[in-house]
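I opened my notebook to look up how the parts of this protein sit against each other. Here is what I wrote down as I went.

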Amino acid sequence: MTRLSAITPSDRAHLGNHLGAVRHWARDGHPGDLYFVSDLHAMTVSYNPARLRATTRELLAVLVASGIAPDRLFVQSDLIRELGALTWLLECACAFGEASRMTQFKQKSDGQAMVRLSLLTYPVLMAADILLLGADEVPVGADQRQHVELARDLARRFNTTYGEVFAIPRAVMPRTAARVRDLSDPTRKMSKSAQDSTGTVFVLDDPDLVRRKIRKAKTDALGRVEHDPAGQPAVSNLLEILAACRGTDPRTEAAGFSEYGPLKEAVAEAVVEELRPIRTRALELLSDPAELDAIRKAGADRAADRAAHRLSSALRLAGVG
Ligand code: AQP
């Protein structure tokens, strides 16, 4: 059984990515799970090529440093030839109406002066990611379920029209994990691409910067420390971060504080300690190009080997290659 998960280098990894996903990938992953840095998905909106390259590398280092086995990891663009070929086959099996119905496309293209065609077609690339590697399960939130449904439909259609080649993937709910909110605006989730990064703690932020960001975090006007996400979203977010770092419950943590200052100090120290080993190891990997390059190359070779037979069968069945 293969489960496939990805992280997009739209910017640097943050505490939300860590507590909400990466930490669980490292701790609770199954032996068949695969993880990748989805750099091709970061190209559907305006981006800086040098920064994309650097962020992709940084994310790979963070995944390794977080404890994900290197033999479960690869970078998406290292399979660009295989994925490009399969995306074309799948686009030829996908109706225009089907692609344009994707809710995320409507949301992300709304109000944009120039909408890249790749923003419309990236769910087909996502289907290629899933089908090329023969993933059985794809853990995704509600916003991505429609894309996994598309991958299922395309796999079934291809299998019926040309011949059985693809496993039919299923969307599964990710393990419930902490949902981290922006420290300056707790109505939003902490996000890589937030306009203002003061509310985002990046995994590789210097410990003093982490402390400063947490000290400046928004609090609520009530002056009480309670875990009440509806009434006190900012304080509840801090309590949830603290509980996630300490492996406790936010309500239990709330009982230990009566003022915001000491709460923020405790959250800052817990976050610094949580991220310290990851930061240390990731910076080590980033300063030694040979080790990270070797991990990346081995991941690319393994993923390409895994994809080769399925891709050549699909090409042959489709009458090309
Ligand atoms: N704030 C968050 N709290 C908990 N989990 C989060 N994840 C993202 N933000 C939070 C989880 O991290 C994994 C990888 O995320 P992604 O690369 O797929 O990006 P995303 O979900 O679109 O969120 P980002 O990091 O904020 O990026 P942008 O700004 O580009 O949208 C996923 O499992 C995600 O749920």
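Domain bounds come from an automatic or database domain assignment. With that noted, I looked up the division: the protein chain has domain 1 (4-178 + 289-318) and domain 2 (207-283). I kept in mind that this is a predicted model, where local features need pLDDT of at least 70, side-chain atom pairs count only at pLDDT 80 or more, and totals for chains, interfaces and linings use all residues. Residues are numbered from 1 along each chain as its sequence is written.

**Entry 1: the two domains**

I looked up the centres of domain 1 and domain 2, taken over C-alpha atoms, and they are 32 Å apart. How many residues does each domain bring to the contact? Domain 1 brings 7 residues and domain 2 brings 6; two residues are in contact if their C-beta atoms, placed from the backbone, lie within 7 Å.

**Entry 2: two helices**

Next I turned to α8 (residues 207-215) and α11 (residues 260-287). Helices are DSSP runs (H or I, at least four residues), numbered from the N terminus. The axes of α8 and α11 come within 9 Å and cross at roughly 150 degrees; axes are lines fitted to C-alpha atoms, for helices over the stretch in contact, and angles run from 0 to 180 degrees between N-to-C directions. That makes α8 roughly antiparallel to α11, a term for angles over 145 degrees.

Which residues meet here? I found Pro207, Val210, Arg211, Ile214 and Arg215 in α8 meeting Lys264, Val267, Ala268, Val271 and Val272 in α11. By class, this contact of α8 with α11 has 7 nonpolar, no polar and 3 charged residues. Ala, Val, Leu, Ile, Met, Phe, Trp, Tyr, Cys and Pro count as nonpolar, Asp, Glu, Lys and Arg as charged, and the others, Gly among them, as polar.

Definitions and conventions
Parallel < 35°, antiparallel > 145°, perpendicular 65-115°, else oblique.
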